[in-house]
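Student: I would like to learn how to read the surroundings of a ligand in a structure, one feature at a time. Could we work through an example together?

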Amino acid sequence: AQSVWGYDSDNGPDRWHENYPMAKGDKQSPIEINSKDVHHDSSLAPWHASYDPGSAKTILNNGRTCRVVFDDSFDRSVLRGGPLTGAYRLRQLHLHWGSSDDHGSEHVIDGVKYAAELHMVHWNPKHGNFARALKQPDGVAVVGIFLKVGKTPKPEMKRILAEIDNIKTKGKEAPFQHFDPSILFPKSRDYWTYHGSFTTPPCEECITWILLREPIEVSSDQMAKLRSLSKNGENEPLNPLVDNWRPLQPVKGRIVKASFK
Ligand SMILES: COc1ccc(C[C@@]2(O)NC(=S)NC2=O)c(OC)c1
Ligand SMILES: [Zn+2]
């Protein structure tokens with residue numbers, strides 16, 4: 001049977017197109033952001049998140065990332081403004097990280113790779129449900145936040161990392177309530193925006209990316225905690241969950257806009 005997609009040599013990003021043709025599309029993510037090619041767009045509005053901490057539900061290890069799931073059955077936690085029209089519902093957040101502090105992000109900024117990249121995934125309820133939103137160019141909006149290893153780690157990451165011990169192996173899930181992810185936002189609201197895709201299969205090209213310019217700081221110990229997650233299930237051979245990032249994809253003429261000069 002075809003091996004399920006992953007990040008290993010036999011099922012990694014270079015082979016995803018075999019089962020997911022969209023992976024070879026013209027609007028794939030991630031991409032490199034080169035400041036010299038970015039267009040400052042003074043018409044870009046600021047973005048606003050209004051999240052209800054009560055919408056947080058669970059945190060899980062799906063063998064590919066650590067994901068926090070939110071109640072998106074109504075406009076309870078929403079993202080508005082920026083390049084978006086209308087309110088997009090927060091569905092989940094997850095991370096991508098490396099095997100060491102010098103790499104791990106999916107997007108790369110002027111050649112800089114960050115230790116990790118956090119994705120907050122929102123969908124446009126005008127399309128009825130998430131499955132249908134995936135098929136629309138304005139279906140999904142993802143806020144990307146870069147994690148940089150530094151001296152003054154953000155206490156807010158502690159909550160997510162504290163749960164890691166309960167979800168060490170694939171399939172493990174734990175309650176994760178009373179959490180407002182907007183505490184993870186950096187001070188600056190500056191962002192880049194462009195049209196792209198999910199960074200894993202099926203690689204649907206339905207995403208309006210909102211990449212925050214200012215990284216948040218985490219400690220090296222916090223990154224080590226993230227790397228202590230396993231791809232394997234309980235009682236299976238240890239397979240560390242690291243390097244769950246997709247390599248850069250071709251820009252193919254897309255324009256990246258900046259909300260700042
Ligand atoms: C079918 O719906 C999907 C498929 C994949 C992902 C995950 C991901 O590919 N998308 C981003 S963004 N990063 C990723 O790892 C998803 O995220 C909500 C939704
Ligand atoms: Zn992601």
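This is a predicted model: local features need pLDDT of at least 70, side-chain atom pairs count only at pLDDT 80 or more; totals for chains, interfaces and linings use all residues.

Student: How many residues surround ligand 1?

Tutor: A residue is near a molecule if one of its heavy atoms lies within 4 Å of it. Here 15 residues surround ligand 1, and Gln92 and His94 are among the closest.

Student: Which polar side chains lie close enough to ligand 1 to form polar contacts?

Tutor: A polar contact is a pair of N or O atoms within 3.5 Å; within protein, one must be able to donate a hydrogen and the other to accept it, and residues adjacent in sequence count only if both atoms are side-chain atoms. An oxygen atom of ligand 1 lies 3.4 Å from a polar side-chain atom of Gln92, and an oxygen atom of the ligand is 3.4 Å from a side-chain N or O atom of His96. For Thr199, a side-chain N or O atom is 3.2 Å from a nitrogen atom of ligand 1.

Student: Is Gln249 buried or exposed?

Tutor: Buried means under 20% relative accessible area, exposed over 50%, and partly exposed in between (1.4 Å probe, protein chains only). Gln249 has a relative accessible area of 17%, so Gln249 is buried. The side chain of Gln249 also reaches the backbone oxygen of Pro247 at 2.9 Å.

Note on methods. Residues are numbered from 1 along each chain as its sequence is written. Chains are lettered from A and ligands numbered from 1 in the order in which they are written. Side-chain values use heavy atoms; hydrogens and water are left out.
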